[in-house]
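Here is a set of exercises to work through with the model open beside you. Try each task on your own before reading its solution.

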Amino acid sequence: MMPGNENPSLSAYRLLRLSRPVLVIVPAMGLVLGFGLHVAGDDHWPGVIWAAATLPILGVLIIEIIGSLRHGDVGLDIVAALSMTGALVFGEHLAAVVVALMYAGGQYLESFAERRAKREMTALLTRVPRMAIRHRGSRLEEVTLDLIAPQDRLLIRQGDVVPVDGLVAKGVAVLDQSALTGEAVPARKRAGEPVMSGVTNVGDAFDLLATHRAVESTYAGIVRLIEVAQRSKAPLARLADRFALAFLALTIVLAGGAWLWSGDPIRALAVLVIATPCPLILAVPVAIVAGMSRAAKAGVLVKGGRALETLSHVKTLVIDKTGTLTHGQARIVEILPMAGLSSDRLLQLAASLDQASKHVIARALVSEAQDRGIDLLLPIKVEETPGEGLEGYVDNQRVVVGGIRFVSRHVPRMEAGAAGQHPAGSVMVAIAVDDEPAGLLILADPLRTEAAHVIESLRRLGIARVILATGDRREVAQAVTVGLHFDAVHADLTPDRKIAIVQAEKRRGPVMMIGDGVNDAPALAAADLGVAMGARGAAASAEAADVVLLVDRLDRIPGAILMARRSRRIALQSVYVGIGLSILGMIAAGLGYLTPVQGALIQEAIDVAVILNALRALWGSETS
């Protein structure tokens, strides 16, 4: 949005927010100046100065109340306005300026606490790069992000935030991913490996080949999700709004009753003063936002207060298999060499030949060899039969790599050697060298190492049912989940059948669905709480989900649940204790035991206490 086209109401809100420090200074200076004149024996000007220092605060407050009423929001700011107006009308100018100071100070404290609570999420927003260095022929040029297109070659200097998703084109990238994933150890990426936008280059400069435009990149999507999260309102906060209406009615009844019973309007004024402002409207947003901020720091992006509260009391987990319970990528799980070859030599020959292919299995073999530090050799005279396999020469040896039938056409004895070696859900790659069977590579999409621990941790947290819902074949699902404590395993599912399972489980309580693919998006949206594997998952699933895991780890879920529960518990503690103390103070004021000035000071102490308590959601152990 261009500055000249900014929404007037948004500009007014920002002006009020920026003026909060000034609004604290005005009544503070008025209070000190008036008190100094009072000590000097002046009986006239102190009241005038205190009243004059109150009026700006009252004027701003009335503007805010009118704006809230236009949006249908009725809050306890009305009590603050009534108490300041009443104090001025009844000549309690000292009480008026004290209330003005306490109210302005409370608002500033609330604003500070909320900024502190939002710091981790806001930090992600402020890190968004605006410019990038692009190669243009033999020179470099600085361009805005909207000019970057796929296949552009970018220079990522040390300290730069990677602006778009891409591949390492040249050099070795050493990347700090902690802002997105919470991982403290820098990651090393070699040429050809993917780099996620939003990470920081902490090593030497490297070239990045852009694969996406800036608006389509991972970091842009995360920023959009954060903006949605910051605009959201938790059910607990909405409950607080309704509670605020009840408290407003109680305040007016107690103030009116005190006036009618005693005939003294000052008692009514004292009741109004001690109810201003209410800790209810301060504690809940601060605690909820603090919980969201802390989760973001741990690599769990909670889109809003509603999601955080739902996360705190889920009862059933429905989880996808491929890419969620498993890694979503084929990996070598077993190497079966023949003819006296070592495992490393067999993989070296197969992966070296597969460098000439773009097939997903070939890419998996090459990646596995590189991960193991195996030097790959140059293949020559390579011939590929699409979808079946390759043949060629590596290190002066004739190598054939592919499926059993393909390799058996070249080496008939290969089929006999492979008999009985094909576990459910696996892919078998056969290798022949110099017309002799050389070995087998068994690939599968293995279970995440943390999966069993995560499921047991969720059980201990009160998740009553854990359901597997996958589109894969039943025998594959059963083979993968051996030893895991599932209440039910559903296989061969279409997206609409996944939705049906989620809907059926909702009868037992709030359902959390975890998935990563486009086919999971409908079920994620249908669940009470959708959780997307956002590190490598599909954009559709991240958009449909309520929670996005920025790090590709399931073990962040139990910690996020504990954070959500702690934030909710702290919010409710602050509300109940703060409201209870306020009501006791109001009763004491109605009975004549507290003056308006004393009431304002006591209420400010209550407000400070509940806000500081709400900020506890930023710290502490997840086990608490």
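## Exercise 1: Confidence

Task: find which element of the chain has the lowest confidence and which has the highest.

Solution. Confidence is lowest in helix 5 (residues 119-126), with a mean of 55, and highest in strand 11 (residues 316-319), at 94. The score here is pLDDT, the predictor's confidence in each residue, from 0 to 100. Helices (H or I, at least four residues) and strands (E, at least two) are DSSP runs, numbered from the N terminus. This is a predicted model, so local features need pLDDT of at least 70 and side-chain atom pairs count only at pLDDT 80 or more, while totals for chains, interfaces and linings use all residues. Residues are numbered from 1 along each chain as its sequence is written, and side-chain values use heavy atoms, with hydrogens and water left out.

Next, take the chain as a whole: its mean pLDDT is 80, and 81% of its residues reach 70 or more. Finally, look at residues 1-15, where pLDDT stays under 50. For this stretch the model has 4 contacts (heavy atoms within 4.5 Å) beyond four places in sequence.

## Exercise 2: The chain in numbers

Task: state how many helices and strands the chain has, and what percentage of its residues count as buried.

Solution. Begin with the elements: there are 23 helices and 22 strands. Then turn to burial, where buried means under 20% relative accessible area, exposed over 50%, and partly exposed in between (1.4 Å probe, protein chains only). Of the 624 residues, 50% count as buried. The accessible surface of the chain is about 28,000 Å², and carbon and sulfur atoms hold 59% of that area. Such areas come from the Shrake-Rupley method with a 1.4 Å probe; for residues, only the protein chains shown count as cover.

## Exercise 3: A covered strand

Task: work out which strands pair with strand 21, and in what sense.

Solution. Two strands pair if DSSP finds at least two bridges between them. Strand 20 (residues 511-515) runs parallel to strand 21 and is joined to it by 4 bridges; here Met512 stands opposite Leu529. Strand 22 (residues 547-549) also pairs with strand 21 in the parallel sense, over 3 bridges, and Val547 is the bridge partner of Val531.

Now check the cover. In strand 21 (residues 529-533), 5 of 5 residues are buried. Leu529, Val531 and Met533 lie on one side, with Gly530 and Ala532 on the other, and both faces are covered.

## Exercise 4: Salt bridges

Solution. A salt bridge is a side-chain nitrogen of Lys or Arg within 4 Å of a carboxyl oxygen of Asp or Glu, and the structure holds 21 of them.

1. Arg134 and Glu141 meet at 2.8 Å, N to O.
2. Arg190 and Glu193 have their closest N and O atoms 3.9 Å apart.
3. Glu505 and Arg508 come to 3.3 Å between the closest N and O atoms.

## Exercise 5: Positive phi in loops

Task: say where Gln151 and Asp435 lie in the chain.

Solution. Gln151 sits in the loop between strand 2 (139-144) and strand 3 (153-156). Its phi is positive, about 80°, although Gln151 is not a glycine. With 58% relative accessibility, Gln151 counts as exposed. Asp435 sits in the loop between strand 16 (426-433) and strand 17 (436-444). Asp435 is another non-glycine residue with a positive phi, near 65°, and is partly exposed at 42%.
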